[in-house]
Amino acid sequence: SSAARWREITRDHARLGLILCNTAGVLEEPAEYAAPRMLVRDATLRGEHAAPFAPVPLFGQPALDAFGAALVAALFPRVPALLDGIYGDRPANADEALAFAITQGACSPGAANVIGSGQKLATNRPLNEVLDGEAGGFGGPVLVPQGMNDKVSGPARASERADAFERLRPGVKVCRLEAGGHCPQDDAPEAVAAAILEFLPAVREYAQGDTSRGRAAESTVGA
């Protein structure tokens, strides 16, 4: 079936290259990062994290729901204006359809609960671990198209994050897009596409090496 074929394709190519647009998550300063005794991934799977964070433990989930409802109420009327700022480099992307899609989701009866429950999530797995092949993460080539005119986190923070990615490890390539903002794939699609095309040879080289390593391992097992 086509579904089975798709699973086969993604299984064979899922670990060959990674492109991170609008990167989210924790990225600790590489020079200061020290892998914990137990990886965040393993601690999460084993349920060995500290108790989930709750801002008002005496009131529990109702307090979290109230927090989520207040946040939705505060942001709901500002969605169009917020989108204008986020897509400042390409205002046409902040159209009525996008605003409608976001406000429609915010109208869901469970929206406040989802936002409030986010306060109970386990510790974030840092990208230092996620992109560390020796720690069970991805050790192949990584492309980070970084919008330098990010109006959400700010240009200074975007520059700091790009610098940190460049120091993370060999194989991580940062493409600084001066005309790109918080969503560079939307703000500067042509520049992102060009960066991906330039990135592909590194993926092919890694794929060839990965295939060679796989054959060597099979030969060792067969012997």
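**View 1. Lining of the largest pocket in the predicted model.** The largest pocket is lined by Leu71, Val72, Leu75, Phe76, Val79, Leu82, Leu83, Ile86, Ile102, Ala106, Ala111 and Ile115. Here a pocket is, on a 1 Å grid over the protein atoms alone, an open set of points with protein on both sides within 12 Å along at least five of seven lines, and lining residues have an atom within 4 Å of a point. The volume of the largest pocket is about 250 Å³, a volume being the space filled by probe spheres set on the points, with grid points joined across faces, edges and corners. The model is predicted, and local features need pLDDT of at least 70, side-chain atom pairs count only at pLDDT 80 or more, while totals for chains, interfaces and linings use all residues. Residues are numbered from 1 along each chain as its sequence is written, and side-chain values use heavy atoms, with hydrogens and water left out.

**View 2. Helices and residue classes around the largest pocket.** Helices H3 (61-75), H4 (79-86), H5 (96-106) and H6 (111-117) each supply at least two residues of this lining, and the largest share, 4 residues, comes from H4. Helices (H or I, at least four residues) and strands (E, at least two) are DSSP runs, numbered from the N terminus. By class, the lining of the largest pocket has 12 nonpolar, no polar and no charged residues, where Ala, Val, Leu, Ile, Met, Phe, Trp, Tyr, Cys and Pro count as nonpolar, Asp, Glu, Lys and Arg as charged, and the others, Gly among them, as polar.

**View 3. The second largest pocket.** The second largest pocket has a volume of about 170 Å³; of the 16 residues that line this pocket, Thr23, Gln146, Asp150, Ser153 and Arg161 are the closest to its centre. Strand E2 (142-147) and helix H8 (155-168) each supply at least two residues of its lining, with the largest share, 4 residues, coming from E2. The lining of the second largest pocket divides into 6 nonpolar, 7 polar and 3 charged residues.

**View 4. The buried side of helix H8.** Ala158, Arg161, Ala162, Ala164, Phe165 and Leu168 of H8 are buried, that is, under 20% relative accessible area (1.4 Å probe, protein chains only). They cover an arc of only 165° around the axis, which puts them on the same side of H8; the arc is that of the directions from the helix axis to the C-beta atoms. What covers these buried residues includes helix H7 (127-130), E2 and strand E3 (172-177).

Conventions. On a 1 Å grid over the protein atoms alone, a cavity is a set of points where a 1.4 Å probe fits but cannot get out, and a pocket is an open set with protein on both sides within 12 Å along at least five of seven lines; lining residues have an atom within 4 Å of a point. Buried means under 20% relative accessible area, exposed over 50%, partly exposed in between (1.4 Å probe, protein chains only). Contact means heavy atoms within 4.5 Å.
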